[in-house]
Amino acid sequence: MIIKDAKYLTSVVNKANILKEGIDFAFVGRSNVGKSSLINSLVNQKKLCKTSSTPGRTRMINYFLINNSFRFVDLPGYGYAQAGKEHKLIWASIMEDYLLNTNCLKRVFLLVDLRHQPSDLDLKMLKFLFYYKIPVSVVATKSDKIPKSKISAYVQVIANKLNLGRDNVIPYSSETNFNKDVLLNLIENDLT
């Protein structure tokens with residue numbers, strides 16, 4: 001698959017405005033895991049998704065129209081320690097509303113940082129997606145920060161923590177586009 005066109009569509013902050021028709025691929029993960037950078041990498045744009053050095057900036061559901069036929073959906077990051085309890089509950093609520101109340105969702109890409117063991121929140125998110133039978137792929141970001149010879153070992157650690165097979169964790173680099181073709185092939189297969 002080649003992404004030729006990508007543009008910002010809309011942002012929503014409540015259940016009433018969640019888009020009900022179309023095809024979505026959602027990206028979810030802890031704050032600062034690199035969701036925006038990964039989306040930018042997939043669409044070959046540096047500034048489609050706003051990136052920030054401050055975690056917890058994505059507080060809405062952000063929709064991006066891809067090739068005028070489907071959407072990438074950037075969900076709020078979770079686990080940001082500086083966010084107050086009220087904000088965390090709002091973010092959790094809107095994410096749950098989206099994940100359970102849209103018929104558009106083809107796949108969720110659950111992002112974890114390859115350099116660190118997945119958190120309890122990552123594990124809860126994965127269990128949530130499995131429980132509701134939502135198709136999910138685990139993507140281990142920031143693989144460029146680790147020597148190539150050690151990537152496989154780090155992938156194994158993540159797979160063990162999430163109770164997955166090693167092949168179910170895809171290492172990825174937004175800097176080098178490592179495994180970009182793997183994610184685009186998954187998307188293309190879901191569209192056919």
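**Exercise 1. Cysteines**

Task: State how many disulfides the structure holds, and classify Cys 49 and Cys 104 as buried or exposed.

Solution. The structure, a predicted model, holds zero disulfides. A residue counts as buried under 20% relative accessible area. Cys 49 has a relative accessible area of 2%, so Cys 49 is buried. Cys 104 has a relative accessibility of 4% and therefore also counts as buried.

**Exercise 2. Order of the sheet**

Task: Give the order of the strands in the sheet and name the edge strands.

Solution. Step one is the order: seven strands form an open sheet, E1-E3-E4-E2-E5-E6-E7, with mixed pairing. Step two is the edges: E1 and strand E7 (169–171) each pair on one side only, which makes them the edge strands. Step three is the geometry: from one strand to the next, the twist averages 25 degrees. A helix can then be placed on this sheet. H4 lies across E5, E6 and E7, and runs at about 145 degrees to E7.

**Exercise 3. Strand E3 and its partners**

Task: Determine which strands pair with E3, in which sense and over how many bridges, and decide whether the faces of E3 are covered or open.

Solution. Start with E1. Strand E1 (residues 6–12) pairs with E3 over six bridges in the antiparallel sense; within this pairing, Lys 7 has Leu 65 as its bridge partner in E3. Next take strand E4 (residues 70–74), which is joined to E3 by five bridges and also runs antiparallel to it. Here the bridge partner of Tyr 63 is Val 73 in E4. The hairpin of E3 and E4 has three residues between the strands, and Asn 67 takes a positive phi near 50 degrees there.

Now check the faces. On one side Ile 61, Tyr 63 and Leu 65 are buried, and on the other Asn 62, Phe 64 and Ile 66 are buried, which leaves both faces of E3 covered. Six of the six residues of E3 (residues 61–66) are buried, so the strand is largely enclosed by the rest of the structure.

**Exercise 4. Aromatic pairs**

Task: Count the aromatic pairs, then classify the pair of Phe 27 and Phe 109 and that of Phe 128 and Tyr 132.

Solution. Two rings pair if their centres lie within 6.5 Å. By this rule there are eight aromatic pairs. For Phe 27 and Phe 109, the centres are 5.2 Å apart with 20 degrees between the planes, and the pair is stacked. Phe 27 belongs to strand E2 (residues 24–29) and Phe 109 to strand E5 (residues 105–113), so the pair ties together parts 82 residues apart in sequence. Both Phe 27 and Phe 109 are buried.

For Phe 128 and Tyr 132, the ring centres are 4.9 Å apart and the planes stand at 55 degrees, so this pair is tilted. Tyr 132 is partly exposed, at 41% relative accessibility. Finally, one aromatic cluster is formed by Phe 25, Phe 27, Phe 70, Phe 72 and Phe 109.

**Exercise 5. Surroundings of Lys 142**

Task: Locate Lys 142, classify it as buried or exposed, and find what lies 2.8 Å from a polar atom of its side chain.

Solution. Lys 142 sits in the loop between strand E6 (136–141) and helix H4 (148–161). Its relative accessible area is 18%, so Lys 142 is buried. A polar atom of the Lys 142 side chain lies 2.8 Å from the backbone oxygen of Asn 32. Leaving aside residues up to four places away in sequence, Lys 142 touches Asn 32, Val 33, Gly 34, Asp 113, Arg 115 and Tyr 172.

Definitions and conventions: Residues are numbered from 1 along each chain as its sequence is written. This is a predicted model: local features need pLDDT of at least 70, side-chain atom pairs count only at pLDDT 80 or more; totals for chains, interfaces and linings use all residues. Side-chain values use heavy atoms; hydrogens and water are left out. Rings of Phe, Tyr and Trp (its six-membered ring) pair if their centres lie within 6.5 Å; planes under 30 degrees apart count as stacked, over 60 as edge-to-face and the rest as tilted. Helices (H or I, at least four residues) and strands (E, at least two) are DSSP runs, numbered from the N terminus. Buried means under 20% relative accessible area, exposed over 50%, partly exposed in between (1.4 Å probe, protein chains only). A disulfide is a pair of cysteine sulfur atoms within 2.5 Å. A polar contact is a pair of N or O atoms within 3.5 Å; within protein, one must be able to donate a hydrogen and the other to accept it, and residues adjacent in sequence count only if both atoms are side-chain atoms. Contact means heavy atoms within 4.5 Å. Two strands pair if DSSP finds at least two bridges between them. Axes are lines fitted to C-alpha atoms, for helices over the stretch in contact, and angles run from 0 to 180 degrees between N-to-C directions.
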